[in-house]
Amino acid sequence: EKKRVFVAVVFVWVVGTVTTYYLYSRGHLQNVTNVKFPMAMRLSLKGLENTSPTTSVPQTGQQQELTSTSALTTAQPTPGRTKIGSQEQEQRLVMAERVELASDGSDIYISVLTTPGYHDSRLSRQYITWMQTVHPKQVHVVTEGGEDMWTEALTRAGYQVVYCDCPRDSSKTQRMMCCKGGVQFDHWYQARDAGAVYNWYCHFDDDIYVNTAALIQLTQKYDHRQDQYLGKWKRLSQQVYGNSDRISGWTAPGLYNFPERKHDTYRYANGPAYCISANLMNRLEKYLRGQNFVNSCNRAQAVMDDVLPGVIIEGVLGVEITDIPEITDQLDSPPNDDKSWYKHQITVATEKIQLSSGKYYGWDMVLSYHCLLYPGVSWCK
């Protein structure tokens, strides 16, 4: 008799726990107080409570929800948490804490390029650090594959996640990257066509930390109504494309496939980070939007996707890049523990961060950088 009672009690407990978790995860119990959850569930539920932003950055114009009208697919908000990670991943997830900046940078469209293999090691750290300093509607993460724990968290928090339908054949890497590049630019044009007001398009790789306040200061120095191409231009032309007939310019045989070109050489911003003004983006549409990007890649003959904007902007359109030394990436070697230097950078490659006096180390040294800029964050204290 005692055994039957015990089994019945356990059964009721399990059913009640599963039901409560199901209702809570879908928002039905968010306002109910004093609900007792099993200890194993509390960390996951805490993640549910903290995935929504707590502060808002004022918008410039009406930023609208976008659904792709092409063959591409835009992720829609997930009703409830379905992807549960390891204890370490769950602990990282709940670290996401909104930071409100004094400056308004809502006119900057931010595109982040990633891939599923880097969601946990790279995208996760972007999400819990610098992405918390910008309004979710500004950030568009371009990846492929299906939804996982981190893309689900981004979507629930209001960030835009775009899943590409691009070839994944390893033998056709160039084709895949040009396809993803077309997706990135296509969504900026979709936002513009839908009535969203963005004065700047900024691209960042998934291993770049963005000092948002410094980025806002940069874009405010330049007139978005003019042609502006901002980045740290590549200085290794001799090693890649051989001799050039223009100072620090690159030569590319594919430029001759653009009869309208202004130059036979070009310079381009290091691929991991650059910004383009809205006026120039409008001129680039016939070269970079969606399938146009793939076509331009083919015409440029084996030029990589991150190089192509430079080919078109400088070589074809004749608009010179504005060199921004504070946009650094993997090719730069930051000074060790120079806090003043780090505070003034616009971007830094996460793998290059050297803050020996910080609280976090290794891959998580990016957290120390975030704490240097925003010491008020709770987990920085």
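User: What makes something a pocket and not a cavity?

Analyst: On a 1 Å grid over the protein atoms alone, a cavity is a set of points where a 1.4 Å probe fits but cannot get out, while a pocket is an open set with protein on both sides within 12 Å along at least five of seven lines. Lining residues have an atom within 4 Å of a point. Here 23 residues line the largest pocket, and Leu113, Met177, His203, Asp205 and Asp305 lie nearest its centre.

User: Which element gives the most to that lining?

Analyst: H6, with six residues. Helix H6 (173-193), strand S5 (200-205) and strand S10 (269-277) each supply at least two. Helices (H or I, at least four residues) and strands (E, at least two) are DSSP runs numbered from the N terminus.

User: How do you know what numbering and atoms are behind all this?

Analyst: Residues count from 1 along each chain as its sequence is written, and side-chain values use heavy atoms, with hydrogens and water left out. As the model is predicted, local features need pLDDT of at least 70 and side-chain atom pairs count only at pLDDT 80 or more, while totals for chains, interfaces and linings use all residues.

User: Why is Arg125 called buried?

Analyst: Buried means under 20% relative accessible area, exposed over 50%, and partly exposed in between (1.4 Å probe, protein chains only). Arg125 has 9%, so Arg125 is buried. Its place is in helix H4 (residues 119-128).

User: What does Arg125 touch, not counting residues up to four places away in sequence?

Analyst: Contact means heavy atoms within 4.5 Å, and the list is Arg92, Asp120, Trp363, Asp364 and Val366. Asp364 sits 239 residues away along the chain, yet the two C-alpha atoms are separated by 7.8 Å.

User: What makes you say helix H11 (residues 308-316) is mostly covered?

Analyst: Nine of its nine residues are buried, including Pro309, Ile312 and Glu314. The buried residues of H11 pack against H6, strand S7 (229-233), strand S9 (265-266), S10, helix H9 (278-288) and helix H10 (291-299). Just after H11, Gly318 takes a positive phi of about 80°.
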